[in-house]
Amino acid sequence: AAKREKEENALREARCKQRRKDNQALEFKAGLKVMVADLANNTEKNGAIGSLVEFLTAKDRWTVRFSNNTTNNFKIDNLILQPEEEVPQPAADGGEEAQTRK
């Protein structure tokens with residue numbers, strides 16, 4: 001069991017390292033939606049969706065506010081940007097695509 005836990009930790013750390021690299025190429029800014037992932041501690045927060053509030057340079061972490069109005073600070077390694085919810089535009093619901101498939 002200890003070996004399996006060690007392997008899972010290694011995989012999680014590899015994902016976090018890769019995510020940090022990927023996320024550094026993205027533009028994180030206040031207001032964006034993110035999902036918390038791969039926390040080793042506070043695992044109950046994994047999968048939680050919140051909004052970026054501010055970047056704390058001294059801590060190298062982003063403050064994330066959740067729907068229940070609580071905030072926590074996370075490393076960029078543990079955050080996954082969520083696609084922005086687009087305001088539906090007329091005919092942007094795939095209506096045109098559906099016609100071309102017939």
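Predicted model: local features only at pLDDT ≥ 70, side-chain atom pairs only at ≥ 80, totals over all residues.

Colleague: What kind of ring pair do Phe 66 and Phe 74 make?
Modeller: Phe 66 is buried too, with a relative accessible area of 9%. The ring centres of Phe 66 and Phe 74 are 6.1 Å apart. Planes over 60 degrees apart count as edge-to-face. The planes here stand at 85°, so the pair is edge-to-face.

Colleague: How many aromatic pairs are there by this rule?
Modeller: Rings pair if their centres lie within 6.5 Å. By this rule the count is three.

Colleague: What class does the pair of Phe 28 and Trp 62 fall into?
Modeller: The two ring centres are 6.2 Å apart. Planes under 30 degrees apart count as stacked and those over 60 as edge-to-face, with the rest tilted. The planes of Phe 28 and Trp 62 are at 45°, so this pair is tilted.

Colleague: How many residues apart are Phe 28 and Trp 62?
Modeller: Phe 28 sits in the loop between H1 and E1, while Trp 62 belongs to strand E3. The pair thus links distant parts of the chain, and the separation is 34 residues.

Colleague: Are Phe 28 and Trp 62 buried or exposed?
Modeller: The limit for buried is under 20% relative accessible area. Phe 28 has 11% relative accessibility and so counts as buried. Trp 62, at 9%, also counts as buried.

Colleague: Which residues form one aromatic cluster with Trp 62?
Modeller: The tilted pair already places Phe 28 beside Trp 62 in this list. The cluster holds Trp 62 together with Phe 28 and Phe 55.

Colleague: What pattern does the chain follow along the sequence?
Modeller: The chain has two helices and five strands. Read along the sequence, their pattern is α-β-β-β-β-β-α.

Colleague: Which strands are at the edges of the sheet?
Modeller: The sheet is open, has five strands and is paired antiparallel, in the order E4-E3-E2-E1-E5. An edge strand here pairs on one side only. The edge strands are E4 and E5 (79-81).

Colleague: By what angle are neighbouring strands of this sheet turned against each other on average?
Modeller: The strands concerned follow the order E4-E3-E2-E1-E5. With direction ignored, the average angle between neighbours is 45°.

Colleague: Over how many bridges do E2 and E3 pair?
Modeller: E1 (residues 33-36) and E2 (residues 49-56) pair in the antiparallel sense over three bridges. E3 (residues 61-66) and E4 are antiparallel over four bridges. For E2 and E3, again antiparallel, the number is six.

Colleague: Which residue is the bridge partner of Arg 65 in E4?
Modeller: Arg 65 is in E3, where it is the bridge partner of Ser 51. Towards E4, the bridge partner of Arg 65 is Thr 71.

Colleague: Which residue takes a positive phi in the hairpin of E2 and E3?
Modeller: The hairpin of E3 and E4 has four residues between its strands, and Asn 69 in that turn has a positive phi of about 75°. The hairpin of E2 and E3 also has four residues between the strands. There the positive phi, near 55°, belongs to Asp 60.

Colleague: Is Asp 38 buried or exposed?
Modeller: Asp 38 lies in the loop between E1 and E2, and its phi is near 60°, a positive value in a residue other than glycine. Asn 42 is in the loop between E1 and E2, with phi near 50°, and is partly exposed because its relative accessible area is 47%. Asp 38 has 12% relative accessibility, so Asp 38 counts as buried.

Colleague: Which element gives the most to the lining of the largest pocket?
Modeller: The largest pocket has a volume of about 250 Å³. Of its 15 lining residues, those closest to the centre are Leu 39, Arg 61, Phe 74, Lys 75 and Asn 78. Helix H1 (2-25) and strand E4 (71-74) each give two or more residues. With three residues, the element that gives the most is E4.

Terms used:
Residues numbered from 1 in each chain as written. Heavy atoms only, no water. 1 Å grid on protein atoms, 1.4 Å probe; cavity = no way out; pocket = protein on both sides within 12 Å on 5 of 7 lines; lining within 4 Å. Points joined across faces, edges and corners; volume = space filled by probe spheres on them. Pairing = 2+ DSSP bridges. Axes fitted to C-alpha atoms, helices over the stretch in contact; angles between N-to-C directions. Phe/Tyr/Trp six-rings, centres within 6.5 Å; stacked < 30°, edge-to-face > 60°. Buried < 20%, exposed > 50% of the residue type's maximum accessible area, 1.4 Å probe, protein only.
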